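Visitor: I am new to this structure. Could you show me how to read a few of its features?

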Amino acid sequence: MKKFFFLLCCVTLIVSSCKDPMTVQFDNASHGQAAEVLLMMDKQTWAENIQDSIKGMLTVPQTGLNQLEPMFDILHINPKDIDAAAQRHYNIVQMELSGNAKETSFSIERNTWAMPQIIITIKGNNQDSCLNCFVKNQETIRQELYSNDIKKLQGVYEDRVDMNLQKLIQEKF
């Protein structure tokens, strides 16, 4: 009788703990600090002169500030070390070197592992071709990363809308 009562309690607890037991929700939000870029590149390539060139293009000063602040902070990670947490970063730039690549390619993907997320990929067969592609597309890269930053910040403050404050501002102005 005790076993039956215990089993009945367990089943009741499991069934009543979920409103809809067949519905599973995953938190798909991206993470990372504002103005932060995760740069995926192997250590050997990063250690050579390409590091200074890429940093120089992504850390240009932000416009409109009264002091010099870099547009982005760069976090480097080796592609072999990427884990689930790193995949959920919201700004990712990856440079892939492969001797099998016939031409250098530039691509932009959105919301692959999280939302909002942008993954900018440059693939090529040598460092020079990848760096040239990066230089050629640097304005697009900065603009896309910046736009994704804005989307992320808008999402953070979206839930904090104060309707009374909005009405007060509209009445005064």
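**Cysteines, a ring and a pocket**

Guide: Gladly. Keep in mind that this is a predicted model.

Visitor: What is a disulfide?

Guide: A disulfide is a covalent bond that joins the sulfur atoms of two cysteines.

Visitor: How many disulfides does the structure hold?

Guide: The count is 0.

Visitor: Is Cys 130 buried or exposed?

Guide: Cys 130 is buried, because its relative accessibility is 0%. Cys 133 has 10%, so Cys 133 counts as buried too. The cut-off for buried is under 20%.

Visitor: Now the rings. How many aromatic pairs are there?

Guide: The structure has 0 aromatic pairs.

Visitor: Which charged end sits over the ring of Tyr 90?

Guide: That of Lys 152. It lies 5.6 Å from the centre of the Tyr 90 ring.

Visitor: On to pockets. How much space lies in the largest pocket?

Guide: About 170 Å³.

Visitor: Which helix gives the largest share of its lining?

Guide: Helix α6, residues 138–158, with 4 residues. The lining of the pocket includes Tyr 146, Asp 149, Ile 150 and Leu 153. Also among the lining residues are Ala 34, Gln 62, Glu 69 and Met 71.

Visitor: How does that lining divide by class?

Guide: There are 7 nonpolar, 1 polar and 3 charged residues.

Key: Residues are numbered from 1 along each chain as its sequence is written. This is a predicted model: local features need pLDDT of at least 70, side-chain atom pairs count only at pLDDT 80 or more; totals for chains, interfaces and linings use all residues. Side-chain values use heavy atoms; hydrogens and water are left out. A disulfide is a pair of cysteine sulfur atoms within 2.5 Å. Buried means under 20% relative accessible area, exposed over 50%, partly exposed in between (1.4 Å probe, protein chains only). Rings of Phe, Tyr and Trp (its six-membered ring) pair if their centres lie within 6.5 Å; planes under 30 degrees apart count as stacked, over 60 as edge-to-face and the rest as tilted. A charge sits over a ring if NZ of Lys or CZ of Arg is within 6 Å of the ring centre and within 35 degrees of the ring normal. On a 1 Å grid over the protein atoms alone, a cavity is a set of points where a 1.4 Å probe fits but cannot get out, and a pocket is an open set with protein on both sides within 12 Å along at least five of seven lines; lining residues have an atom within 4 Å of a point. Grid points are joined across faces, edges and corners, and a volume is the space filled by probe spheres set on the points. Helices (H or I, at least four residues) and strands (E, at least two) are DSSP runs, numbered from the N terminus. Ala, Val, Leu, Ile, Met, Phe, Trp, Tyr, Cys and Pro count as nonpolar, Asp, Glu, Lys and Arg as charged, and the others, Gly among them, as polar.
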